[in-house]
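Visitor: Could you take me closely through a single part of this model, strand by strand, and say how its pieces are arranged?

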Amino acid sequence: MSEGEHIVTIFLGQFRYEDEIIDENLFKENARRYEFPIEEYLAAFKEVPVFTREKVEAIISYNKSFAEFLSSQIADKIKYKREAQQRKEAESMHSDLFHNMTVGVVYQDKSGGIINANKASQEILGLSLEQMQGRSSVDPRWQTIYEDGSAFPGEKHPSMVALKTGKSVNDVVMGVFNPKDNKNHWLLVNSTPQFKENTLEPYQVFTTFIDITERIIAEKNLLQLNDTLENQVEERTKQLSEKVTALELSENNFKKLVDNSPEILYRFSGKKGGFFVSKRVETVLGYPASYLMDHPLIWSQSIHPEDKHLVDDAIEQAKKGRPFDIEYRIKDKEERWHWFRDRSIGVTTVGEEFTIEGLAADITERKSNEIHLRDITKKLEMANKLGKSGWWEYDVENDSVIWPEETYALYGLDPQKIELDYDRMMACILPEYHDYHNEQLERIYKDGEAEFIYPVLLPNQEKRWIWAKGEAEYDREGRPISLFGTLQDITERIRIEHKLRMQAQIIEQVHDSVISVDLEGHIIAWNKGSENLFQYSPDEVIGNHVSMVYPKEYHSKLEGEIIPDLLAEGSLEYEANLLRKNGSLFYGLVSLSVLRNEEGEVYGMVGYTIDISRRKEVEQKLQESETKFKTLFNIVAIPLCYVDDNGVILDFNTKFTQVFGYTKSDIPTLEEWWEFAYPDVEYRKWVVGTWEKAVEDARLKNTDIKSVEYNVTCKNGDVRNVVISGTTLENYFLATFIDITDRNKTLQELSRSNKELEQFAYVASHDLQEPMRTVIGFLQLLQSRHENQLDGKALHYIDRSIKAGHRMQRLITDLLTYSRTNTKTLTCSKTDLGQVIFQVEENLKAIIKEKKVVLKYCELPCVYADKNQLESLFQNLILNGIKYNQSATPEIEIGFQDKGETQLFYVKDNGIGISPKSHDKIFEAFHRLHSQKEYSGTGLGLALCKRIVERQGGKIWVKSEPGNGSTFYFSIKGDNGFNE
């Protein structure tokens, strides 16, 4: 049995070969064993038909070839359906990857023009898909640059090079102007050319890229900090951080997939506006999908009253988290009834609310066929009552069997004298058929039905052949509750006639085309499937040559190759363009087999044809799509891994194996991944718990899987630091891996180097103070004691040396203060900034009075910070505003803004101002915008301010224009954990 269609196995009646030697003693022994009259037993045996071996073999060969022919066609049909479904699932998976990937992806035609781009690429480049489509990589609007800032020619873009050379171009760093952010973004780009079959020139190219702007900026800052500290004790750089952009489902592609589905996709919830139904419903029920969504009660009100309870029960089961699969009748807009198969594909419950997602398919045609089949079965049962037939019914739950009088008669038993039970029935069946009979009963249990033939020996030693057919009835859970079977005595039937009738019925019931032709190719049989496929009635084709359904250019091949090959081989299968009555062509799969008579001679041919035009088109598109997305999956520059909800690893890309060394055979499931990647048992428990919690949270909140850093053990034993995150999809999740091992090593090395340099700066500046005081002291002593003995030039040199010494002392003092800022432990406490400003004002009282400074500040809040460092911060900013000020009355204003978790402070002056191009440079150690003659100083004041603010967890910046004063802003956390 296959796909609900039966292949009837025809068994031969009892016979013997004419050349067999009969052992009468054996038959006498059998008669005595079963207590049969010996003479009658031998007489019955002599009535057994006698055949030649050649005749029997010819009959068996013919029957076998025809059965194999039909079974192969059905098996192929199942195979094609499964392959199409698998391709469809593969396309869905890879389509999800393309549209939800955090990596930017575009693909371009052979001229370099962009055809399509995913959501991530649009965000990274700051352009919509419409703005990018058609734009080539050589377009000057991209404003691409090298890392040194020079122009990056469009013809050298990786995509253009890949199209020109036919080779992949990987790991190219370039800057691209983002019009949305109005700045350059740095990208790591990979391009891979795509080829059509049997071509050497690419027809398009896939380009993937990730935004590494933060990494480039961080790396430059790290290098700059390291160089500064090695030469002039520069500031430490900001640490590099990366994040993976959220994957978002592409709404347009999802809608297209839903609308083109042969089944109706729906989503139902109790909320207002919570009903969704796909466009397919319009072709089935006649209502526009939008109308049904606005009037959801139409669906439930259209269900047949007798079937309403099935739907209600299914909804209740769904609320309990149980799937359902039901069939019911529903009325369309034209008042016609349709049979629906409705099955759930997902149920979500949040508190009392629930959402059901399901698929509904129109199975009206299938149900009509089932009803037709039942009618035929009833008619057959009525016909059996007129002949020698019987039936039986077995109640599984009560373990009881019903045998009518007709069944007793088939076995030659009298219901008044003996009670027929299973053991008595088996005693009537020939012993060599006992196992076979039991196997067929098992088939009824397992498959729902079975049809078979077996011999029985009546009490009068008469042998009869019984044809049996059994069916099973199941409850809603799929458990058999009863078995029913019919029996018929077919002993007197001529086997060949029976075979031909059965074959004719089978052929007529086959939905696909079955055509029989004679040896000259003239059509002699034309079933309903052929009439539907080719649009000819039997009267129009019977007697005509089969070439009428082939295009003219195919006729010579049909006569010269196909028919001769078929006659030589016995069977043949091929694909060809075929011709309908209206002149249209379709692509068909044709399977041919020869027909043989009882003597084994070929008397004709039979052909089985199915329309595979749609399948061929779908196969080609799916193959192209699968190839594209598989290529995209493997060229992404970061490791990716698909895992289903059962923990089976569906796939991972080439980069995954390159980084971790594992292959699919090493880690087929998550269990193996946990074991190999995290060999330490305790650490593994933490990793599994953390990851499963992250996935669960992502599904509940409909967000991405949270990024967490893990230590992964590679296949070669190396341990790498990896940030793992991902996205949950319907039945699986996509995990992404960012390898930060090298970055962490670099950061650790820079941190060590920074600490050593800071320590050196502290020691050097501390130890230099005493020698410098000595030098200045001796110079001053020389000046005072020998002033009368030295000429004017010598005194001038001594004076300049003393002043240079004092400047050196200030530089050493500032350098020591600067280095102590990082090395000295913070002593944080609740700090009243009003008192801090008051103390600063006292410290600067003399210069404030001398310069006639107007210092204004409002009531300032309390913060949790190091009081001494904040005092140094405000003092440096106030002095900066006084020093770089040419106004007769310098004005300094201090204020703040409450930003919730942080407090934003500012120090504003009316000084000379700063050019915007120098806003970042002024916070660099030893960087000065003016000479010593213009403004004295060491160049460490603002660098010290920056270090103090960053140690408090804040940021500092300036807004200024030349001639318009400066405003320095810095942030500090509000209470940072303390309460009043």
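Guide: Two strands are said to pair if DSSP finds at least two bridges between them, and the elements themselves are DSSP runs numbered from the N terminus, with helices (H or I) of at least four residues and strands (E) of at least two. The model is predicted, and local features need pLDDT of at least 70, side-chain atom pairs count only at pLDDT 80 or more, and totals for chains, interfaces and linings use all residues. Residues are numbered from 1 along each chain as its sequence is written, while side-chain values use heavy atoms, with hydrogens and water left out.

With those terms in place, strand S8 (residues 264-269) and strand S12 (residues 353-362) pair in the antiparallel sense, and six bridges join them. Within this part, Ile264 has Ala360 of S12 standing opposite. Both strands belong to an open sheet of five strands, whose order is S9-S8-S12-S11-S10 and whose pairing is antiparallel. The edges of this sheet are formed by strand S9 (276-277) and strand S10 (325-331), each of which pairs on one side only.

A helix also belongs to the picture: helix H12 (residues 308-319) lies across S10, S12 and strand S11 (337-350), where contact means heavy atoms within 4.5 Å. The direction of H12 runs at about 140° to that of S10, an angle taken between N-to-C directions on a scale from 0 to 180 degrees, with axes that are lines fitted to C-alpha atoms, for helices over the stretch in contact.
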